[in-house]
Amino acid sequence: MGCRNRWDGDQFCFVFPIEGQKTVYLPEFELARALFFHDGYLARTSLTSNALNLEFDIQTDEDSNSALVNVLPSSGYTLRHLNDPRSRETLAWILLDHDARTAFESIGNAQLLQGRNRGTNRVWDFRFSPPPLPGASFGVRGQFDKQTGTLFVYKIDKIQNVQANVPTNIIFEHPDFKHPVRPDGPGESPIPIRPQGSLEIDDDTSPNVNTLTTIINSANMSIDFSNPFTTTKRTSKTKITPYGKPGEGRPVNGNFIVSTDEAVAGEELASADWNNLNDDSHNGHLFDNKFSVFMRLIQTLTQRHGCRLLGKNVYPLPPIARCTKHLLANGDPRCIAVAYISAHNYFVRLLEVDTSDAATSLSTQLVRASHPTRWPRDLEQITSQLVKRSLSWPTDLLKSLYGRDGHQGIPHPQTPSNNKGILTAESISSWAERVAGWIKRVY
C-alpha cells in the first residue's frame, strides 16, 4: 500500500453485508471519527479514561424532561465550542446518552488496556465499542470492487436518524458564561475573525492559554438525530463590549501562525481549534413557541380573510463565517418561521424571523410562492443573506427571485418602546388586514 511501515496499513474494521451479496468494510477509526471527533477537545478527551466525570457535573430532572450540565472550571472545552449549538448538541449526546457515552469512553479504555509506549509515543491498534445505531443511515465515500462485491469505506460524510436518549431540554452552565452588552444596549460577543490569508498550523508548539480561540470550520460532517432536542446556555454575568460593532469581531493578535494543541501559559502562538460539523439538524419544531403571536396572525387570516394554511415550518438560521446573527443574544439558535398560505387561488409564503432579543426590528416578509421544488434553494439563499446582512431582508435577491412586485415587507404592529422587538397580542386584527390586502398585490 506504499506505507512507510507495513503495519500502518493494518486496521480493524466492522464487516457486514448489504444488498444481498455485497460486503462493507468500515474502519473502526472512521466510525469513531464520524460519531465523536468533531473538535480537538473531544478527540483528545476520548483517549483519557474517566475524563468526562472530572470535567462535567450533570443533574437530570425526569419530571420536566430536562438536564443541567455544569461545565467545571477544570474543563478544557472551549467557550467557542460551547457557544456553537451544533457542538453543544453533540457534547450533550455524548454526556447524557448512556450508549453514546459508553462507546466514547470505550476508546480510552482500549488505549489504556491495549496501548504500549514506544519512546515518547503511545501506540495501539485502534478499537472501540460503537453505540447501537438502529435505523441509522450513512452517507459514505469509498472504493467498490465489482469482482469481490466489497466496499471499503474511506470517509463518512453524514449519519442520519441517530437515536438520542437524552432529555428534550438541556441547559449548560459555565463559570465564564457572560451575557454581552454594549454601552448603548444589548450586543453581541466580539468574535475572533480569521486573518486575511492562509492560517499556518504549528503542530510542535502549544498555544497561549490567554489568547482568543480561532475556530477553523471544515464543515464536512453532519449528524441528524431522530428525536431532536435543544441545548441552551444559562448566563448570570454581564460584560461590556465597547469595541467594534456587533458581529464584526476582531483579529486574533494579528498572527497567522496558530496551534491546535492544548493551550498553556507562557507560550507565544495564538490558540485555534477545529469544528467539522455541518448544521443539518431538523429540530425547528422545538422553537414553535417563539412564534406564538405570528401563529395568531395566521389564525386570524384563516378565520376572517378566507385564507388556508397549507403548511408551516420553523428553521434555525444558518451559521455564516464571521457572522453572529444566526444566534440570539443568549446563544440559542435564531429561527425563521415559514407559513405557506392560499387565498382566493393565490399562493404566498409569509416569513417571520425571531427578534425576541431586540437585536433589530424586522418586518414580516410576504413573497409570491415559487414552485415547491425551487423553494428549498430560495430559502437557503434568503436565510444566508439575512445573516450576512445582519438581519436585513435582501431586497435585491427577493426582486430577482420573485420580481419587483412579487414580495413585500409588512411592518409589525406598534409596540411599547420597552418591548422593542417583542410583539404583543394587540393589533393582530389590523396586522392581518394589512397582510390580506397585500396578498393580491403581489400577483
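Tutor: Let's start with a definition: helices are DSSP runs of at least four residues and strands are runs of at least two, numbered from the N terminus. By that count, this predicted model has ten helices and 24 strands.

Student: What makes E4 and E9 a pair of strands?

Tutor: Pairing requires at least two bridges found by DSSP. Strand E4 (residues 66-71) is joined to E9 by five bridges, so the two qualify, and they run parallel. One place to look is Ser 66, which stands opposite Asn 169 in E9.

Student: How do you know that E9 pairs with E15 too?

Tutor: The test is again at least two bridges. E9 and strand E15 (residues 230-234) have five, in the parallel sense, so they pair as well. Here Ile 170 has Thr 231 of E15 as its bridge partner.

Student: Which residues of E9 are on its covered face, and which on the uncovered one?

Tutor: In E9 (residues 169-173), Ile 170 and Phe 172 form the covered face, while Asn 169, Ile 171 and Glu 173 form the uncovered one. In a regular strand, side chains alternate between the two faces of the sheet.

Student: Why is the crossing of H7 and H10 called right-handed?

Tutor: That word applies when the near helix is turned clockwise from the far one by less than a right angle. The axes of H7 (residues 292-304) and H10 (residues 428-441) cross at roughly 65° and come within 9 Å. H7 passes H10 in the right-handed sense, so the turn is clockwise. Among the residues making the contact are Phe 294 and Leu 297 of H7 and Trp 431 and Val 435 of H10.

Notes: Residues numbered from 1 in each chain as written. Predicted model: local features only at pLDDT ≥ 70, side-chain atom pairs only at ≥ 80, totals over all residues. Heavy atoms only, no water. Axes fitted to C-alpha atoms, helices over the stretch in contact; angles between N-to-C directions. Contact = heavy atoms within 4.5 Å. Buried < 20%, exposed > 50% of the residue type's maximum accessible area, 1.4 Å probe, protein only.
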